[in-house]
Amino acid sequence: MGEIHSLPVGVASESSGIVASQKSKGVFFVVDDGTGADRIVAVRSNGSLVGNVRVQGMSTGNAEALTAGACGDRAGRCFYVGDIGDNDRERDHISVYRIDEPAVAPLPTAPVAADRWDFTYPDGPRNAESMVVDGKGSVIVITKSAADGTTGTVPPHRIYRGEPGGGELRLVASFSPPEPARRVQSMFTGNVITDAAFTPGRMLLLTYDQVIEYLAPTKNADPAGFSSWPHHELPDPPMIQTEGIAGDMTGCGYEVTSEEGPGGTQAGLAAVTCR
């Protein structure tokens, strides 16, 4: 487990989603979940700033997810910004912005073109912080259940699929993540999922107290069915309010980002690598 690096003060201070650049080793893109976010931010693995990439037409309400995967209707790799947060469960729709993976050297200076897909839930508004994309460019949203204020029980999380272009999401399954070996923040929040990252055959789930790796029975297994796959707990960097995870380009390690405490005063970044 690597050193925890702080991002510069004021840079994506509410970092809530992260993806690895395929075009520049050691560079990651993060998204801030603050209202009105109109960009993603490129940072190095040591936390230093590379620069901003503005997204055309994007002004998010609560961008809680950033994931990468197949573009679906065209070749290449795309980034997907998930404006899917809804703590009060009152939004009439959520939005996903799809962009082609940006170059890093140099970063684009003009806003990059984006496709905006709007989705609705079939069973009323939900709060979510986790989203991945399958091999055909469909989005898979994993809700974040809130603990019951009286009992502390966390209802099962729900998994929904949305087809490219938007529309009504379809409920696929519900599940509860395994309890962490060490409970710290989850003692107050409940055991809730704050992000996910998918590459063929492997799903990583992040909670406030653990990283869980699910391994698919086959390379082409549908990621929406990950909750039935064999799984185990992996090392979790000791940060507060971890809200973003991305697999690194080796296919084994991963990077975790954190708001570093209530209020999101300064974001953090830490790597877990494989020997």
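**Exercise 1. How many aromatic pairs does a search of the whole structure find?** Take Phe 29 and Phe 79, classify their pair and say which parts of the chain it joins.

*Solution.* Keep in mind that you're working with a predicted model.

- Step 1: the whole-structure search turns up five aromatic pairs.
- Step 2: for Phe 29 and Phe 79, the ring centres sit 5.3 Å apart and the planes meet at 65°, so this pair is edge-to-face. The cut-off you need here is over 60 degrees for edge-to-face.
- Step 3: Phe 29 belongs to strand S3 (residues 27-32) and Phe 79 to strand S7, so the pair ties together parts 50 residues apart in sequence.
- Step 4: check burial, where the limit is under 20% relative accessible area. Phe 29 has 0% relative accessibility, so it counts as buried. Phe 79 also comes out at 0%, so it counts as buried.

**Exercise 2. Work out the geometry of the pair formed by Tyr 214 and Phe 226, then find the cluster they belong to.**

*Solution.* 

- Step 1: Tyr 214 and Phe 226 are 5.1 Å apart, centre to centre, with 80° between the planes, which makes the pair edge-to-face.
- Step 2: Tyr 214 is in strand S17 (residues 211-215), while Phe 226 is in the loop between S17 and S18, 12 residues apart.
- Step 3: look at accessibility. Tyr 214 is buried at 1% relative accessible area, and Phe 226 is buried at 0%.
- Step 4: bring in Phe 175, which forms one aromatic cluster with Tyr 214 and Phe 226.

**Exercise 3. Which residues of the largest nonpolar core touch the most other members?** Then see what surrounds Phe 79.

*Solution.* 

- Step 1: the core has 19 residues, and the ones touching the most other members are Phe 29, Ile 40, Leu 66, Phe 79 and Val 81.
- Step 2: sort by element. S3, strand S4 (39-44), S6, S7 and S8 each give two or more residues to this core, and S3 has the largest share with three residues.
- Step 3: zoom in on Phe 79. Leaving out residues up to four places away in sequence, its contacts include Phe 29, Ile 40 and Leu 66, plus Tyr 97, Arg 98 and Ile 99.

**Exercise 4. Describe the largest pocket: its volume, its lining and the strands behind it.**

*Solution.* 

- Step 1: the volume is about 600 Å³.
- Step 2: 34 residues line this pocket, and those nearest its centre are Ala 68, Gly 69, Phe 198, Thr 199 and Pro 200.
- Step 3: by class, the lining splits into 17 nonpolar, nine polar and eight charged residues.
- Step 4: strands S2 (15-20), S6 (65-70), S15 (193-199), S16 (202-207) and S19 each bring at least two lining residues. S6 gives the largest share, five residues.

Notes:
Residues are numbered from 1 along each chain as its sequence is written. This is a predicted model: local features need pLDDT of at least 70, side-chain atom pairs count only at pLDDT 80 or more; totals for chains, interfaces and linings use all residues. Side-chain values use heavy atoms; hydrogens and water are left out. Rings of Phe, Tyr and Trp (its six-membered ring) pair if their centres lie within 6.5 Å; planes under 30 degrees apart count as stacked, over 60 as edge-to-face and the rest as tilted. Helices (H or I, at least four residues) and strands (E, at least two) are DSSP runs, numbered from the N terminus. Buried means under 20% relative accessible area, exposed over 50%, partly exposed in between (1.4 Å probe, protein chains only). On a 1 Å grid over the protein atoms alone, a cavity is a set of points where a 1.4 Å probe fits but cannot get out, and a pocket is an open set with protein on both sides within 12 Å along at least five of seven lines; lining residues have an atom within 4 Å of a point. Grid points are joined across faces, edges and corners, and a volume is the space filled by probe spheres set on the points. Ala, Val, Leu, Ile, Met, Phe, Trp, Tyr, Cys and Pro count as nonpolar, Asp, Glu, Lys and Arg as charged, and the others, Gly among them, as polar. A nonpolar core is a set of buried Ala, Val, Leu, Ile, Met, Phe, Trp, Tyr and Cys residues joined through side-chain atoms within 4.5 Å. Contact means heavy atoms within 4.5 Å.
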